[in-house]
Amino acid sequence: MARLKVMNALSTLSQLGRYVGSCGREKIGRNSGIRRAITFADSIFVVVVLLIPQLLLQIFNLSVPGVRMSSVEILEGVGVGHYTCESRAGPFVLIVGIVLAAIPFGISLLINVKSKGVPDKFRELDDIVASMTSSFWMLLATLPTVGMIGQTQSNARAYLLAASVLSFVLPLSHNIAQARLQNVTMSTGHARDDAKSKEKERSSFQRQSSTLSDISTSQRQSKRTSQILKAAEETAVMGKMFGTMGSTLKAVAMNRDILTLFKVEGDDFSWETGFTLSEIYSLGDKSLEVVVKTLIGSSKLWQRIFFSNPDDEEAKRRCVKCCMDALDVFDKAPAKKQLSDRSIIYPGYSLMSIIAKTMTYVPPNNMSREAFELSLGENFVKETHYQQYHHCRALAFQADIMRKQGRYEDALSVIDVLKTIYDIQLHSKVLMKEYVSDHCTEIVAASTFWLHHYGRNDEALRLCDHVIYTMLPEIKATELVTKFTILIPICRTLANQRQSSAAKKALELYRTHVSDPVTLAGGKAHPALGKRVPFMIILKCYSSGREAYDDLSTDVAYMLNRKDLTYPVFFETGALTRFDAAWSTICAEACLCLAKITGCNSQEESSALIKEGLNFLEVSAKSLKKEDGKIVNDMAHSYYSQILSELENLSAPV
């Protein structure tokens with residue numbers, strides 16, 4: 001944390017330097033890339049600002065007679081003596097000067113200490129240690145010699161003292177400043193020129209023959225490509241740093257700079273147009289890897305921006321476009337055949353599955369969404385066939401697509417194949433690391449309710465026990481969203497057994513793994529976990545045997561006052577795609593359960609709950625049908641129809 005604060009302070013100093021250097025006028029460019037945000041001039045500004053206190057001290061030292069150094073003769077005997085420099089202020093000015101000189105070194109050491117969340121690419125601690133080692137050995141040779149010769153050899157003494165001082169500066173200059181200056185020069189001077197000249201070079205590369213001149217051209221092309229890849233790598237690390245520090249827009253700008261390096265025409269990369277077919281064909285295997293990873297990373301950044309502001313249509317559009325472009329570039333690039341590891345595209349498929357669940361989008365090439373998503377699932381399975389944990393994720397994706405299209409029996413068949421491959425202890429942690437969530441366990445848990453819905457109740461209960469006792473313990477306690485997603489279908493299956501013992505088991509699971517941990521997490525919990533309360537109410541009602549329980553009045557007040565609470569739109573669609581139930585229908589069932597319990601004691605409360613439940617179902621009716629009247633999800637619609645029927649029967653006069 002301290003390291004990030006220091007780096008932010010240095011960045012502010014750099015911006016102040018640019019502002020002063022432009023005579024108070026802010027310089028605004030078309031975009032802010034690594035070559036614009038952190039330039040050599042910025043570094044000089046920071047150095048100058050850090051030197052200002054030292055310069056002021058020395059000016060003060062020279063200007064004020066009382067502290068100025070003066071030559072003093074020290075007599076050692078009759079006619080014998082020597083001169084030395086002394087100040088009336090004593091050693092205090094010297095001590096302050098040493099402290100001010102040490103501050104930049106202290107800052108550099110702090111920046112280079114390994115810190116969580118900050119990339120190690122810019123760590124120069126090893127170079128600093130090497131420089132300090134060189135200084136130590138130099139001082140070990142010079143200072144004892146100075147002490148030995150004393151004032152007998154004044155020239156030699158002055159030379160040794162100068163060497164001692166330079167031993168602090170020269171190793172740092174050699175190990176760090178020179179190397180960094182070369183990197184800055186190469187990155188800023190050659191990267192853009194390389195991008196602008198690549199079309200001409202690639203065309204000459206295609207026309208190469210066996211002549212010596214063509215061989216020379218190929219060598220130059222290889223050298224320039226390596227320079228471009230190096231510039232892209234350094235820019236990517238800076239973008240990751242911006243992302244870690246929360247500067248998402250700057251991280252996006254870094255990614256745009258990277259993609260611009262691979263534009264044949266030398267034009268700036270555009271999020272709307274992407275890459276042309278000729279540019280895709282011209283990518284080498286390493287360039288393809290960089291482009292695909294950058295596009296997927298950009299899609300995730302745009303998704304983050306969209307989730308922070310759901311009204312930002314541009315962020316949503318670019319999120320979808322970047323992910324589709326990554327899949328398209330990888331599919332069309334001939335260089336993918338040269339890749340020994342094709343897993344770079346797997347996160348793109350996984351991200352597209354999340355986009356399909358949470359966003360509206362237009363598939364490419366005039367394809368229907370059903371056909372596009374089905375092809376995605378099939379292609380993902382093909383790509384991952386020989387890499388097991390990726391293959392498990394692909395099968396989970398394929399089953400999810402089939403579920404979305406209402407092909408539950410086909411999805412269950414795919415899950416049967418998945419269960420023969422998937423090892424929770426072996427695969428779960430690596431899936432969480434690679435794909436953020438364990439989608440395999442989630443889809444297996446979701447299938448418990450499908451089995452129950454289609455009358456295979458014994459299989460559903462056996463699978464519930466398997467997930468509860470084998471899979472759930474492997475999920476970290478901090479992964480609350482994953483646990484929430486796993487437990488909802490299982491608890492629905494247990495609650496629908498219409499047995500208080502099964503409902504109590506479901507309530508205990510839900511309270512232990514979801515409700516209580518989310519309450520303890522408070523505002524740090526994921527926003528999606530705001531959906532937990534209505535389902536908790538349903539489980540309380542079932543486990544109480546439809547009798548009053550302790551905090552019944554609190555739950556009634558919560559459901560009746562929900563009109564005062566706002567919740568994101570993705571609550572509705574997210575529940576529909578993950579739980580095969582509209583969020584509003586779940587809220588309606590909570591109202592129904594409470595109305596049945598309160599009806600005996602308060603007809604007024606019961607009527608209010610019934611009315612609120614019917615209001616929720618009006619939202620469900622809109623969510624569950626498309627504009628042409630086609631039902632979105634048959635299972636969710638069946639659930640909606642059941643709750644609607646019970647609420648209408650309860651509201652009918654006796």
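## Ala356 and its surroundings

Leaving aside neighbours within four places in sequence, Ala356 contacts Tyr361, Arg369, Glu373 and Lys404. This picture comes from a predicted model. Ala356 sits in helix 12, which covers residues 346–358. Its relative accessibility is 7%, so Ala356 counts as buried.

One of these contacts can be followed along the chain. Ala356 and Glu373 are 17 residues apart in sequence. Their C-alpha atoms lie 7.9 Å apart in space.

## The largest cavity

Helix 12 also takes part in the lining of the largest cavity. The whole structure has 3 cavities of 30 Å³ or more. The largest holds about 130 Å³ of space. Its lining is made up of 13 residues. Nearest the centre are Lys357, Asp400, Arg403, Glu442 and Ile443.

Which elements give two or more residues to this lining? They are helix 12, helix 14 (388–404) and helix 17 (439–453). Helix 14 provides the largest share, with 5 residues. By class, the lining has 6 charged, 4 nonpolar and 3 polar residues.

How many disulfides does a search of the whole structure find? The count is 0. Cys440 is in no disulfide, and the nearest cysteine sulfur belongs to Cys392, 5.0 Å away. Cys440 is buried, at 0% relative accessibility.

Cys593 is likewise in no disulfide. Its nearest cysteine sulfur is that of Cys541, at 4.8 Å. Cys593 has 2% relative accessibility and counts as buried.

## Helix 24

Helix 24 runs over residues 583–598 and has 16 residues. From first C-alpha to last, helix 24 reaches 23 Å. That is close to the 22 Å expected at 1.5 Å a residue.

Is helix 24 mostly buried or exposed? Of its 16 residues, 15 are buried, so helix 24 is largely enclosed by the rest of the structure.

## Ser620 in helix 25

Ser620 belongs to helix 25, residues 603–623. Its relative accessible area is 0%, so Ser620 is buried.

Which residues does Ser620 touch, not counting those up to four places away in sequence? They are Glu572, Ala582, Ser584, Thr585 and Tyr640.

Notes:
Residues numbered from 1 in each chain as written. Predicted model: local features only at pLDDT ≥ 70, side-chain atom pairs only at ≥ 80, totals over all residues. Heavy atoms only, no water. Helix = DSSP H or I, 4+ residues; strand = E, 2+ residues; numbered from the N terminus. Buried < 20%, exposed > 50% of the residue type's maximum accessible area, 1.4 Å probe, protein only. Contact = heavy atoms within 4.5 Å. Disulfide = S-S within 2.5 Å. Expected span 1.5 Å × (residues − 1). 1 Å grid on protein atoms, 1.4 Å probe; cavity = no way out; pocket = protein on both sides within 12 Å on 5 of 7 lines; lining within 4 Å. Points joined across faces, edges and corners; volume = space filled by probe spheres on them. Nonpolar A, V, L, I, M, F, W, Y, C, P; charged D, E, K, R; others polar.
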